[in-house]
Amino acid sequence: DVERFPFDRQGLTVEIVADRAPREHVSLVFRQADLDYTRVARDAEADGWHARSVDLSRQIVAGWHGESHDSVHATLTVERDAAVTAAPIFIPLLASLLIPLLAIWLNKLEEGEFKIEAFELANVIVGGLFAVIALNFTVSSELGTLAGGDNTVSRLFSLNYLTLATALLVNLVVFRYRLLRTRFGPFVEEEMFRVITWAVPTFAFATALAFVLVAYA
């Protein structure tokens, strides 16, 4: 379960089942002493993970002809080393989030005219799109478990695509066709441009921070 990646914990479970005899014949139990003296082995280690605790639990397994069987689960809880795992993925994701924002920040409105052509900014946005696609392909190839579910990485990728689409929309509406100026006049265009330059980045980075904090909580 990688929903809270890279702050997730996983349970490695060994299941002991008396599957050849019903509960009336074989009962699997554990005592308090088994819990008190069960420890993680000192030499237990795995790259990118930290062993935390061992837990025992008793469960009932359904069998044939209405019979039930006893089972005991021994679970080793391991915690992902977020400091090692997060940096190679989160830094490129947050860096790629800057590309569409640069397409907005780079422009400047002076005396009613934009200093950078919309075509040049569109090239920046398209380049950012290819960068996000390449990063998405790399992450899916290296960590396939992150590709198919809802987790922090997939949410950040969605945020990247949404920000790219927003920047492209701003580029077309505000910079290329100047619909705000045509529809509402130069004063509204200038004020809306000022709002966009801080509102879009604030929304993007606040949402990205919220995704990370939800996974960490």
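Q10 has V78 of strand 3 as its bridge partner. A51 also has V78 of strand 3 as its bridge partner. Strands here, like helices, are DSSP runs numbered from the N terminus (E, at least two residues, for strands; H or I, at least four, for helices). The model is predicted: local features need pLDDT of at least 70, side-chain atom pairs count only at pLDDT 80 or more, and totals for chains, interfaces and linings use all residues. Residues are numbered from 1 along each chain as its sequence is written, and side-chain values use heavy atoms, with hydrogens and water left out.

The sheet is open, with three strands in the order 1-3-2 and antiparallel pairing. Two strands count as paired if DSSP finds at least two bridges between them. Strand 1 (9-17) and strand 2 (49-62) are the edge strands; each has a single partner strand, so one side of each lacks a neighbour in the sheet. From one strand to the next, the twist averages 20°. That angle is taken between N-to-C directions, on a scale from 0 to 180 degrees, with axes as lines fitted to C-alpha atoms.

## Strand 3 and its partners

Strand 3 spans residues 68-80 and pairs with strand 2 in the antiparallel sense over 13 bridges. Strand 1 and strand 3 are antiparallel too, over nine bridges. Q59 stands opposite S71. Strand 3 is mostly covered, with ten of its 13 residues buried. Buried means under 20% relative accessible area, exposed over 50%, and partly exposed in between (1.4 Å probe, protein chains only).

The hairpin of strand 2 and strand 3 has five residues between the strands. H65 lies in that loop. Its phi is near 55°, a positive value in a residue other than glycine. H65 counts as exposed, at 80% relative accessibility.

## The nonpolar core

The largest nonpolar core holds 34 residues. Such a core is a set of buried Ala, Val, Leu, Ile, Met, Phe, Trp, Tyr and Cys residues joined through side-chain atoms within 4.5 Å. I89, V153 and F175 have the most contacts inside the largest core. Helix 2 (82-105), helix 3 (118-142), helix 4 (152-176) and helix 6 (186-216) each give two or more residues to this core. Helix 4 gives the most, nine residues.

V153 touches F5, I89, F90, L93, V139 and L146, leaving aside residues up to four places away in sequence. Contact means heavy atoms within 4.5 Å.

## Helix 3

Helix 3 has 25 residues and should span 36 Å at 1.5 Å a residue; its end C-alpha atoms are 36 Å apart, which agrees. The expected span is 1.5 Å times one less than the number of residues.

The buried residues of helix 3 are A118, L121, A122, I125, G128, V132, L135 and V139. An α-helix has 3.6 residues a turn, so residues three or four places apart point the same way. Helix 2 and helix 4 are among the elements that cover the buried residues of helix 3.

## Helix 6

Helix 6 has 31 residues and reaches 45 Å from its first C-alpha to its last, close to the 45 Å expected at 1.5 Å a residue. A kink of about 25° is centred on I196. The bend at a residue is the angle between axes fitted to the seven residues ending there and the seven starting there.

I196 is also buried, as are E189, F193, V200, P201, A204, T207, A208 and A215 of helix 6. The buried residues of helix 6 pack against helix 2, strand 4 (109-110), strand 5 (113-114), helix 4 and helix 5 (179-184).

A206 also belongs to helix 6. A206 is partly exposed, with a relative accessible area of 45%. The C-alpha atoms of A206 and S154 are separated by 16 Å, and the two residues are 52 residues apart along the chain.

## Backbone details

A cis peptide bond joins F5 and P6, with omega about 5°. P6 sits in the segment before strand 1.

R178 has a positive phi of about 50° although it is not a glycine. R178 lies in the loop between helix 4 and helix 5. At 14% relative accessibility, R178 counts as buried.
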